[in-house]
Amino acid sequence: MRVFGKDYRAVWMIERHGRAVVRVINQPLLPHKFAIKDLPTYRDTAEAIRDMTIRGAGTIGATAAFGLAQACVEAPDDGRGFWAYVRRAYDTLNKTRPTANDLKHSLDKIMARIRDLPPAQAKRAAVAEARAISDWYVHVGERIARNGLRLIKNGTRMLTHCNAGWLALQDWGSAPAPVYLAHRKGRRVFVWVDETRPRCQGAQLTSWEMMQEGVPHAIIPDNAAGFFMQRGEVDLVITGADRIAANGDTANKIGTYEKAVLARENGVPFYIAAPTSTIDLNCPSGDRIPIEERSADEVHFITGRDETGRLRRVRISPEHARARNPAFDVTPARYITGIITEHGIIPARASAIRRLFASRRPPLVTRRSA
Ligand code: MRU
């Protein structure tokens with residue numbers, strides 16, 4: 001992603017005085033302020049995942065990988081102390097966001113890589129593996145862009161929910177990636193951006209990305225999607241995913257299910273875009289996907305800039321009112337026209353998913369940096 005003329009990723013890691021420091025784009029400050037936040041220890045990195053300083057399945061996966069590598073660097077050099085520290089870090093990181101499959105997927109990749117190594121080597125290997133995982137997300141985002149490109153014709157009006165773009169998958173993103181590529185190729189595109197209450201990832205993050213990329217778009221209230229579909233103003237829906245079950249049922253940001261049902265009712269194709277690391281073959285169907293429920297305060301309070309330019313958090317509901325805040329919902333596979341992966345577009349069906357995993361050994365992690 002290119003911000004103010006400079007290339008960025010959503011998360012990366014640097015070395016400072018022999019320590020590993022994770023650096024992230026501070027997402028809650030966007031779109032009002034672009035700032036980088038340093039996370040000096042793995043505990044800070046875990047907290048940044050939990051409190052949504054970083055968001056989006058792929059970026060959660062990359063951040064968790066860096067967090068575990070950071071823990072390896074921090075850990076004592078003796079064998080027992082090293083493994084006790086690393087296992088504690090694994091558990092802490094693994095508990096931060098329960099729905100995103102990429103989180104555990106990345107942690108397990110690092111553990112598999114270092115399992116048989118002595119601490120000194122494990123430290124170096126964990127850092128190399130975390131960098132490779134981060135590069136892989138950039139690579140698959142680009143592949144998803146290319147594989148989804150044929151869905152974006154000249155004049156396509158696409159609707160998306162939440163943020164599944166640059167910030168959510170390290171660089172290209174998943175759902176908007178084909179649109180970014182089509183736009184760069186000179187096709188006329190337009191995006192309906194659901195605001196995505198309660199955290200407003202659409203209004204705050206997706207719209208900011210589209211502004212940077214120069215893609216024409218309009219933010220709409222979450223409950224306006226049906227209105228525009230009914231009027232024939234939406235040609236296509238593409239959203240990201242946090243976990244895809246083995247039968248194609250898909251968990252994504254709360255509100256995605258409604259969009260899929262509305263799309264079916266109005267004859268609009270509904271696609272999911274996600275890398276194979278988001279597919280959980282151990283989860284047979286959507287009713288087995290753990291759904292994160294977040295604090296009711298995210299519903300009661302909203303943060304934005306006031307007329308004087310100051311960032312303020314204000315309450316929008318009556319004092320003491322009750323609220324519920326499920327962060328994700330599950331769209332049954334029958335509503336999904338196809339899943340855009342780094343290997344191509346496949347039907348949201350158990351047989352197609354099985355074939356995809358049988359024909360390759362995904363996810364194909366490319367080791368481009370060490
Ligand atoms: O709670 P968030 O902001 O992490 O949720 C993000 C989403 O639901 C995205 O749509 C999803 O992670 C796909 S991102 C490539």
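**View 1. Strand 10 (residues 243-245) and strand 11 (residues 250-253) run antiparallel and pair over two bridges.** Here, strands are DSSP runs (E, at least two residues) and helices are runs of H or I of at least four residues, numbered from the N terminus; two strands pair if DSSP finds at least two bridges between them. Look for Ile244, whose bridge partner in strand 11 is Thr250. This is a predicted model, in which local features need pLDDT of at least 70 and side-chain atom pairs count only at pLDDT 80 or more, while totals for chains, interfaces and linings use all residues. Residues are numbered from 1 along each chain as its sequence is written, and side-chain values use heavy atoms, without hydrogens and water.

**View 2. The open sheet has four strands in the order 13-10-11-16, with mixed pairing.** Its edges are strand 13 (279-280) and strand 16 (328-331), each pairing on one side only.

View 3. His32, Thr99 and Glu142 supply 21% of the area that domain 1 buries against domain 2.

**View 4. Glu292 forms a salt bridge with Arg97.** Their closest N and O atoms are 2.8 Å apart. A salt bridge is a side-chain nitrogen of Lys or Arg within 4 Å of a carboxyl oxygen of Asp or Glu, and the count between domain 1 and domain 2 is two.

How values were computed. Buried area is the accessible area (1.4 Å probe) that two parts lose on being put together, summed over both.
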